[in-house]
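Let us go through one model together, taking a loop residue, the salt bridges and a sheet in turn. Please keep the sequence and the structure in view while reading.

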Amino acid sequence: QGQLVESGGGSVQAGGSLRLSCTASSDDVTRYRMAWFRQAPGNEREGVATISTVTNKTVYADSVKGRFTISQGIAKNLLYLQMNSLAPEDTAMYYCAAASSVLLSAFVLRPDKYRYWGRGTQVTVSS
């Protein structure tokens, strides 16, 4: 059973930066695609960024383009999310996720297409 563990969340002021990390229990979990999602209270879980671990191609939600960068570590079981120019609307629980198969491009930011999930790390941005 795949296991993902997030770290790096915290509280920052608007305009600040944070880097989230995700460690997968095995390389098998990272075989196809990994992603970051977030969920604010009262909101649905939304896709933030995703990376194909085969091609390294990335996709971002419009709300974070130009501010967030997803990357995979040299060790393939590591995933990062560099978040710059943070704004209060970025406040949410951030989750790392991994897919168990290849996903169609239209589905890469849909949470229901991901099989493995971490427990999340909280990011709070104050104005």
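**Reading a loop, charged pairs and a sheet**

Q: Where is the place of Val102?

A: Helices (H or I, at least four residues) and strands (E, at least two) are DSSP runs, numbered from the N terminus. In these terms, Val102 lies in the loop between β9 (92-99) and β10 (116-117). The model is a predicted one, in which local features need pLDDT of at least 70 and side-chain atom pairs count only at pLDDT 80 or more, whereas totals for chains, interfaces and linings use all residues. Residues are numbered from 1 along each chain as its sequence is written, and side-chain values use heavy atoms, with hydrogens and water left out.

Q: Does Val102 count as buried or exposed?

A: Buried means under 20% relative accessible area, exposed over 50%, and partly exposed in between (1.4 Å probe, protein chains only). Val102 counts as exposed because its relative accessibility is 67%. The C-alpha atoms of Val102 and Tyr32 are separated by 5.9 Å, although these residues are 70 apart along the chain.

Q: How many salt bridges does a search of the whole structure find?

A: Side chains of opposite charge can pair when their charged atoms come close. The criterion is a side-chain nitrogen of Lys or Arg within 4 Å of a carboxyl oxygen of Asp or Glu, and a search of the whole structure finds six such salt bridges. Among them is the pair of Arg38 and Glu46, with the closest N and O atoms 2.7 Å apart; Arg38 counts as buried at 5% relative accessibility, while Glu46 is partly exposed at 34%. Another joins Asp112 to Arg110, again with the closest N and O atoms 2.7 Å apart, where Asp112 is exposed at 52% and Arg110 partly exposed at 34%. Salt bridges that share partners also join Arg38, Glu46, Arg67 and Asp90 into one network.

Q: What is the order of the strands in the open sheet of four?

A: Strands of a sheet pair through backbone hydrogen bonds, either parallel or antiparallel. Two strands count as paired if DSSP finds at least two bridges between them, and here the order is β1-β3-β8-β7, with antiparallel pairing. Because β1 (4-7) and β7 (68-72) each have a single partner strand, they stand at the edges, and one side of each is left without a neighbour in the sheet.

Q: Over how many bridges do β3 and β8 pair?

A: Strand β3 (residues 18-24) and strand β8 (residues 78-83) pair in the antiparallel sense over six bridges, and Leu20 stands opposite Leu81 in β8.
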